[in-house]
Amino acid sequence: MHKRFSEEFKKSAVIRVQNGESQLSVASSLGISYKTLNRWVIQAKGQMPPENVSLSEENARLRKVLKEREAEIAFLKKSLEPDSLSRGGQQYFPITPFLNGVAKPTLAMNSF
């Protein structure tokens, strides 16, 4: 059975997302599924003419996207550092063989 939500409830949830909150956090705080909220956000984007977006809202959205991308870049850079791969004199190789359908981490002595 599908729940029915008022238009006011939907709009308030979409506005929270447009103001920079993540869809996942908004959905969990309101007790609705992420997919439901995502559908509302997509519908709102389709109905909202681009000129209705204020510069401050667009800036907030772009700052959020920029923060997420910077965090991804920092994580990837850190993962490429030689020190991040070493563990107690042994080198960890993230490529793991599968034994009986279960991934097993492999450790090898530093041979290079």
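Leaving aside its neighbours within four places in sequence, which residues is Val 14 in contact with? The residues are Trp 40, Val 41 and Ala 44, where contact means heavy atoms within 4.5 Å. Before going further, a word on the model.

This is a predicted model, where local features need pLDDT of at least 70, side-chain atom pairs count only at pLDDT 80 or more, and totals for chains, interfaces and linings use all residues. Residues are numbered from 1 along each chain as its sequence is written, and side-chain values use heavy atoms, with hydrogens and water left out.

## The overall picture

The protein has 5 helices and 5 strands. Both are DSSP runs numbered from the N terminus, with helices being H or I of at least four residues and strands being E of at least two. Read from the N terminus on, the order is α-α-α-α-α-β-β-β-β-β.

Of the 112 residues in the protein, 12% are buried. Here buried means under 20% relative accessible area, exposed means over 50%, and partly exposed is in between (1.4 Å probe, protein chains only). The accessible surface comes to about 9300 Å², and 59% of that belongs to carbon and sulfur atoms. Such areas come from the Shrake-Rupley method with a 1.4 Å probe, and for residues only the protein chains shown count as cover. Among contacts with a separation of 6 or more, 27% are between residues 24 or more positions apart.

Helix 1 covers residues 7-18, and its 12 residues should span 16 Å at 1.5 Å a residue; the end C-alpha atoms are 16 Å apart, which agrees. The expected span is 1.5 Å times one less than the number of residues.

Which residues of helix 1 are buried? They are Ala 13, Val 14 and Val 17. These cover an arc of only 95 degrees around the axis, so they sit on the same side of helix 1; the arc is that of the directions from the helix axis to the C-beta atoms. The face turned away from the buried side carries the exposed residues Glu 8 and Lys 11. Just after helix 1 comes Gly 20, with a positive phi of about 115 degrees.

## The nonpolar core

The largest nonpolar core has 10 residues in all, among them Val 14, Ile 32 and Trp 40. Such a core is a set of buried Ala, Val, Leu, Ile, Met, Phe, Trp, Tyr and Cys residues joined through side-chain atoms within 4.5 Å. Helix 1, helix 2 (23-30) and helix 3 each give two or more residues to this core, and helix 3 gives the most, with 4 residues.

Gln 23 lies in helix 2 and is buried, with a relative accessible area of 17%. Leaving aside neighbours within four places in sequence, Gln 23 is in contact with residues including Val 17, Leu 37 and Val 41.

## Aromatic rings

The whole structure holds 3 aromatic pairs. Rings of Phe, Tyr and Trp (its six-membered ring) pair if their centres lie within 6.5 Å; planes under 30 degrees apart count as stacked, over 60 as edge-to-face and the rest as tilted. Two of these pairs are shown here.

| Pair | Centres apart | Planes at | Kind |
|---|---|---|---|
| Phe 5 and Phe 9 | 5.1 Å | 15 degrees | stacked |
| Phe 5 and Trp 40 | 5.3 Å | 75 degrees | edge-to-face |

Ring pairs join Phe 5, Phe 9 and Trp 40 into a cluster.
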